[in-house]
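My notebook is open, and the structure comes next. I jotted these entries down as I looked things up.

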Amino acid sequence: MAVLPIRIMGDPVLHAPAARVDEITDDIRTLVADMFETMDAAPGVGLAAPQVGVGLRIFTYSYEDDEGQPWRGVVVNPELWIRPIEPGFPDPDDESEGCLSFPGERFPLRRSESALLTGVDLDGEPVRIEVSGWRARILQHEFDHLDGVLYVDRLDEDDSRVVAKIAKKRKWGVPGSSWMPGVDDIEA
């Protein structure tokens, strides 16, 4: 297993829809093992293949809830259904999220409270995940990556201006920007 560089906003692979996985090969299994290693080193609660430069519809997730219950897995070729998002402004304390591809920052974003995700695991077995709260947020965030959408793309106008200033100052928003977990001093 290896820790991979994480692409930063502006890299083309992050802004294009990812391709379906036709066959689960040993290369796919190695990629997923490396994604888990990278996600844990970052640390993050999810990581999509485009974030490590691979334009395939795969993401990993890992989250421990307030009761210490672990939740960890991988989904290949996911499909996502969500309930309509409640209208209103996001609560900065309860609805802020960050992203390993826009590291070191958090912004409030309203997401659906519940989600249903289907796909397959590395054995080709069906996966069905029905969750709410933070787990639903994680699935929505990672699924967005597979469609070429970063969470900062969904922010309101004021926060979008802040994102643009941060990206300009850090020289992000261009192809080839990345950071290496465990090496670069960036916190997501």
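**Entry 1: around Glu142**

I began with a polar contact: the backbone nitrogen of Ala48 lies 3.3 Å from a polar atom of the Glu142 side chain. By polar contact I mean a pair of N or O atoms within 3.5 Å; within protein, one must be able to donate a hydrogen and the other to accept it, and residues adjacent in sequence count only if both atoms are side-chain atoms.

A note on the source: this is a predicted model, where local features need pLDDT of at least 70 and side-chain atom pairs count only at pLDDT 80 or more, while totals for chains, interfaces and linings use all residues. Residues are numbered from 1 along each chain as its sequence is written, and side-chain values use heavy atoms, with hydrogens and water left out.

I then checked the record for Glu142: UniProt, in an unreviewed entry, lists Glu142 under "active site". UniProt positions are given in the numbering used here, feature names are shortened, and annotations may be inferred rather than shown by experiment.

Where does Glu142 lie? I found Glu142 in helix H2, residues 134–146. Helices (H or I, at least four residues) and strands (E, at least two) are DSSP runs, numbered from the N terminus.

Is Glu142 buried or exposed? Glu142 has a relative accessible area of 4%, so I logged it as buried.

Leaving aside neighbours within four places in sequence, I listed the contacts of Glu142 (heavy atoms within 4.5 Å): Gly46, Leu47, Ala48, Gln51, Phe59 and Thr60.

**Entry 2: Thr60**

I followed one of those contacts, Thr60, to strand E3, residues 58–64. Thr60 is buried, with a relative accessible area of 0%. Beyond four places in sequence, Thr60 touches residues including Val32, Met35, Phe36 and Met39, and Glu142 is also among its contacts.

**Entry 3: rings**

How many aromatic pairs does a search of the whole structure find? I got three. Rings of Phe, Tyr and Trp (its six-membered ring) pair if their centres lie within 6.5 Å; planes under 30 degrees apart count as stacked, over 60 as edge-to-face and the rest as tilted.

The rings of Phe102 and Trp172 have centres 5.1 Å apart and planes at 75 degrees, so I filed the pair as edge-to-face. Phe102 is in strand E6 (residues 102–108) and Trp172 in the loop between helix H3 (157–169) and strand E9 (178–179), so the pair ties together parts 70 residues apart in sequence. Both Phe102 and Trp172 are buried.

I also noted that Phe59, Tyr61 and Trp71 form one aromatic cluster.

Next I looked for charges over rings, meaning NZ of Lys or CZ of Arg within 6 Å of the ring centre and within 35 degrees of the ring normal. The charged end of Arg57 sits over the ring of Phe143, 5.4 Å from its centre. The charged end of Arg137 sits over the ring of Trp134, at 5.1 Å from the centre.

**Entry 4: the whole chain**

I stepped back and found three helices and nine strands, in the order β-α-β-β-β-β-β-β-β-α-α-β along the sequence. Of the 188 residues, 48% count as buried.

Terms used:
Buried < 20%, exposed > 50% of the residue type's maximum accessible area, 1.4 Å probe, protein only.
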